[in-house]
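Student: Please take a close look at one part of this structure for me. I would like to follow the place where the two chains meet.

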Amino acid sequence: MELDQLDQQQALLTDSLRKMLEGQWTGFPSLEANVLALDPGVELAPRPPVLESEAGPPAPSGWWADYNPNEGMPRQAYSWSCSACALAWVLRATQLDPNASEQSCIDAIGYPQNINPTYGLMDGSGSQLRRVVGDYGVTTGQAWLNYDTCYATFADTTGMMSGGAWYHWVAVRGQDGGNLWIANSAPGYQGVYDTLTRSQFNALGPFSVVWLLH
Amino acid sequence: MSEQDARVTQLQQQQALMTAALIAALEGRWQGAGSVEAYLYALDPTLQGQLIPDPPVLSS
């Protein structure tokens with residue numbers, strides 16, 4: 001059946017992407033082997049690229065060189081200040097402001113116009129969090145991400161995120177196996193502690209995600 | 001929607017992800033947001049925690 005063949009080809013193409021990402025360009029198994037499986041008649045003259053494992057990864061620079069994903073996260077003092085705690089964690093973990101605190105970030109976000117006891121952070125997309133990080137000269141991105149994209153994003157950066165159904169901001173330390181590794185100022189809230197699984201992410205979203213560029 | 005239609009739809013979605021992944025590769029986005037790695041997870045979520053990236057060194 002033609003669809004079965006297309007499924008098999010699609011699987012080979014997906015595996016080919018994996019081979020490229022993992023630096024397996026020639027030999028077996030490899031991208032080259034997959035291409036030959038897809039088209040046995042093709043004549044190849046591979047010129048594989050130099051890999052990071054051969055040349056060494058680029059030296060980290062800027063805040064990324066100083067980033068400490070193990071930075072501590074104190075419990076939040078107020079029920080509405082999770083976003084300030086997440087922001088303070090990011091500023092400390094990146095050494096952009098080693099003395100950042102929940103209170104200093106409440107002030108920096110802008111009390112009471114941008115953060116207050118009634119609503120917490122007023123703009124749920126995180127625009128004010130981005131503004132504060134930007135004040136330190138660091139560019140950020142923001143989007144409403146699905147789990148896969150969010151997980152991949154935090155392979156090599158940090159940031160903050162908030163779930164619409166969670167109504168709670170956390171900072172993101174990185175990845176932990178197949179889960180997101182978070183810095184949570186309210187451990188246990190809605191059953192979430194230091195990691196966020198795919199099912200929790202899907203139950204507590206949609207998530208607005210802010211990440212730092214480097 | 002018939003089973004065949006559903007499979008065709010899935011293949012179309014996978015092809016769109018493949019195309020996006022190839023663009024990411026061409027543009028040197030191997031890891032992070034909008035990267036080859038991200039599109040791979042979308043194509044096959046079981047790869048999360050399984051990949052060992054060793055991307056090419058970029059020329060710029």
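Tutor: Start with a definition: two residues are in contact if their C-beta atoms, placed from the backbone, lie within 7 Å. Keep in mind that this is a predicted model. By that rule, chain B brings 31 residues to the contact and chain A brings 29. Look at the side of chain B that touches chain A. Two elements of chain B give two or more residues to that side: α1 (3-26) and α2 (36-43). The residues on that side are 20 nonpolar, seven polar and four charged.

Now zoom in on one helix pair. Two packed helices are described by the angle between their axes and the distance between the axes. Take helix α1 of chain A, residues 2-21, and α2(B). Their axes come within 10 Å and cross at roughly 150°. Angles over 145 degrees count as roughly antiparallel. Therefore α1(A) and α2(B) are roughly antiparallel to each other. The crossing of α1(A) past α2(B) is left-handed.

Which residues meet here? From α1(A) come A:Thr14, A:Leu17, A:Arg18, A:Met20 and A:Leu21. From α2(B) come B:Val36, B:Glu37, B:Leu40 and B:Leu43. In this helix contact, six residues are nonpolar, one is polar and two are charged.

Last, step back to chain A as a whole. Chain A has nine helices and eight strands. Of its 214 residues, 39% are buried. Among contacts in chain A with a separation of 6 or more, 55% join residues 24 or more positions apart.

Methods:
Residues numbered from 1 in each chain as written. Chains lettered and ligands numbered in written order. Predicted model: local features only at pLDDT ≥ 70, side-chain atom pairs only at ≥ 80, totals over all residues. Helix = DSSP H or I, 4+ residues; strand = E, 2+ residues; numbered from the N terminus. Nonpolar A, V, L, I, M, F, W, Y, C, P; charged D, E, K, R; others polar. Axes fitted to C-alpha atoms, helices over the stretch in contact; angles between N-to-C directions. Parallel < 35°, antiparallel > 145°, perpendicular 65-115°, else oblique. Left-handed = near helix turned anticlockwise from the far one by under 90°. Buried ≥ 20, exposed ≤ 12 C-beta atoms within 10 Å, placed from the backbone.
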